[in-house]
Amino acid sequence: EKALSLAPKDDDALALRGDVRFDQKAYDQALADYQAALKINPRNYEAVRERAGVAFDREDYALAGVYYDAALEVYPKDAPLHSLRGQVWAKLGENDKARAQFDAAIALDPRNAAFRYDRGNWSYNRGKWDDALAEIVLV
């Protein structure tokens with residue numbers, strides 16, 4: 001709060017306060033902070049990413065998808081955002097779209113095991129045991 005009292009238009013401070021509120025599960029307040037940060041700086045990475053996280057935690061997957069799509073417009077080459085968007089598509093049962101996002105994350109950062117784990121976990125949850133095992137072997 002002290003940083004914001006000194007610089008009320010500091011988008012990073014607003015996003016950080018949003019993170020604290022998000023961790024406290026004060027979702028409405030967190031979302032308000034992220035939205036305020038984005039009004040100041042529409043490219044604030046933390047705010048653009050974590051407002052989608054709020055929707056995801058609330059199990060509002062359609063809204064999370066809208067927010068991740070907006071984040072990917074700003075950061076189209078961000079592998080973690082692609083993987084997170086894939087997780088949302090998976091929750092919505094859009095398997096082809098989920099696979100495309102997991103594949104995009106892996107293509108952007110092929111050495112990151114987390115994205116192969118995400119794709120493997122998605123395969124596992126769909127009963128695609130061989131595909132899940134193939135991802136684990138690659139990890």
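Is Glu-59 buried or exposed? Select Glu-59: with a relative accessible area of 59%, this residue is exposed (exposed means over 50% relative accessible area, buried under 20%, partly exposed in between, with a 1.4 Å probe and protein chains only).

**Before you go on.** This is a predicted model, in which local features need pLDDT of at least 70, side-chain atom pairs count only at pLDDT 80 or more, and totals for chains, interfaces and linings use all residues. Residues are numbered from 1 along each chain as its sequence is written, and side-chain values use heavy atoms, with hydrogens and water left out.

**Stop 1: two loops.** Stay on Glu-59. It lies in the loop between α4 (45-57) and α5 (61-74). Helices here are DSSP runs of H or I, at least four residues, numbered from the N terminus. Check the backbone: phi of Glu-59 is near 65 degrees, a positive value in a residue other than glycine.

Now select Lys-25, in the loop between α2 (11-23) and α3. Its phi is near 65 degrees, also positive in a non-glycine residue. Lys-25 counts as exposed because its relative accessible area is 55%.

**Stop 2: Asp-33.** Asp-33 counts as buried because its relative accessibility is 3%. Show its contacts (heavy atoms within 4.5 Å). Neighbours within four places in sequence aside, Asp-33 touches Leu-14, Arg-17, Gly-18 and Arg-21.

**Stop 3: α6 against α8.** Select both helices.

From α6, pick Ala-79, Pro-80, Ser-83, Gln-87 and Ala-90; they meet Phe-115, Asp-118 and Trp-122 of α8. The contact divides into five nonpolar, two polar and one charged residue (nonpolar: Ala, Val, Leu, Ile, Met, Phe, Trp, Tyr, Cys and Pro; charged: Asp, Glu, Lys and Arg; polar: the others, Gly among them).

**Stop 4: the largest pocket.** Select Phe-56, Gln-87, Ala-90, Lys-91, Phe-102, Tyr-117, Asp-118, Asn-121, Trp-122, Asn-125 and Arg-126, which line the largest pocket. A pocket is an open set of points on a 1 Å grid over the protein atoms alone where a 1.4 Å probe fits, with protein on both sides within 12 Å along at least five of seven lines; lining residues have an atom within 4 Å of a point. The elements giving two or more lining residues are α6 (79-91) and α8 (113-125). α8 supplies the largest share, five residues. By class, the lining holds five nonpolar, three polar and three charged residues.
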